[in-house]
Amino acid sequence: MSGTVSLPGRYDEVAPGCSIDLSDNTNLWGPPPSVVRVMASGLTGSLARYPSAYSNDLKRAIAKYAEVEATMVATGCGSDDILDSALRAFGEPGGTVAMLDPTFSMMRSFASLSGLAIAPVRSDEPDIPLAFRSKAARITYLCSPNNPTGAALSAQVIESIVAHASGIVVIDEAYIDFGGVASIALLERYENVLITRTFSKAFGLAGFRVGYALGSSDVIHRVEAARGPYKVSALSERVAIDALTSDTSWVAERAAEVLGNRKRLALELSILGCPPLESSANFVLVPVRDAIRVEEGMRSRSVAVRAFTGLTGIGDAVRITVGPWDAMERCITALSEVLQ
Ligand SMILES: *Cc1c(COP(=O)(O)O)cnc(C)c1O
């Protein structure tokens, strides 16, 4: 088991000196309006006390939002915390986690921390459910829409994987506000599903570190036992509740803007001769030659993107977060200069 988590590039330092950071898929319009209200609302008294150990108020707000029972909700310090806890809850050292290749890079680190090996399934596999089935892994991780490709799995593919899985299937819906099909209906028919979501992307609250999971009360209980108490601070809990109760239309409007700008950006990139992969998320993945050189060239023009090298079936690529159109224009100009 390795002692440290190897963090992907951007976590080392946040785009030093770049005026436009398109490297981490957060909400580039900023946090939702309720945050300002909460920060000004005189929480000070309650902040001397511990929050509830498993964020009961936030669970109730999420349950209402997702239309499930509160016993079907777990919270965490970001959805990373829940993904990590789920691997501890359902994995045993020496076991395996099946996942697409490529997929969310943090999962590799979490698997290694839990002593789990990865059974990769190529994302260009012609029969993805069959490939997952043949791995017979105790844990399956699906990310849909997937990071870094942006591709969403169909409802049929997801259900087929769940129906034939040898254990728990974790479905990461970090980007579900931007496309793909939500798997929440599967919770009514299958016991072996854990859906994870986050306040870090569409909800614009990455700095507060709040994520959640939906699953049967038995699955949720096991995840919480592995997670431990007091992972969401009182301030973060309060901010997340307010965002859920008063900012969902703000979130939906920004997500709609992302969809429009994503289409426009894809068109501009195609004109530049570097069409992105089709995306259902708030980012696009653009195959390029020598991604490191492209990333560095764009950084020197004050635009941060995330480089990937040698992705399975894709090769080198840069991932670009979709945000307000003026930022997209700056990005297109920088990229066209670098590619010249
Ligand atoms: C950003 C992201 C998350 C969210 O992580 P948090 O810990 O909730 O900030 C989860 N999964 C994927 C695939 C992501 O890209």
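Helices here are DSSP runs of H or I with at least four residues, strands are runs of E with at least two, and both are numbered from the N terminus. Residue numbers start from 1 along each chain as its sequence is written. What you see is a predicted model, where local features need pLDDT of at least 70, side-chain atom pairs count only at pLDDT 80 or more, and totals for chains, interfaces and linings use all residues, while side-chain values use heavy atoms, with hydrogens and water left out.

Next, show the ligand's oxygen atoms. A polar side-chain atom of Ser-200 sits 2.6 Å from one oxygen of the ligand, and a polar side-chain atom of Asn-147 is 2.8 Å from a ligand oxygen. For Asp-80, look at the backbone: an N or O atom there lies 3.0 Å from an oxygen of the ligand. The protein covers 95% of the 380 Å² of accessible area that the ligand has on its own (Shrake-Rupley method, 1.4 Å probe).

Select Asp-84 and Arg-88, which form a salt bridge with their closest N and O atoms 3.0 Å apart. The term means a side-chain nitrogen of Lys or Arg within 4 Å of a carboxyl oxygen of Asp or Glu, and the structure holds 11 of these bridges. The two residues are four apart in helix α3, so about one helical turn separates them.

Which of the two is buried? Asp-84 is, at 14% relative accessible area, whereas Arg-88 is partly exposed at 39%. (Buried is under 20%, exposed over 50%, partly exposed in between, with a 1.4 Å probe and protein chains only.)

**Stop three: helix α8.** Jump to residues 234-246, where Asp-242 and Arg-238 lie four residues apart, about one turn of the helix. Their salt bridge has its closest N and O atoms 3.5 Å apart. Asp-242 is buried at 17%, and Arg-238 is partly exposed at 32%.

**Last stop: a network.** Select Glu-253, Arg-254 and Glu-257, which salt bridges link into a network.

Notes
A polar contact is a pair of N or O atoms within 3.5 Å; within protein, one must be able to donate a hydrogen and the other to accept it, and residues adjacent in sequence count only if both atoms are side-chain atoms.
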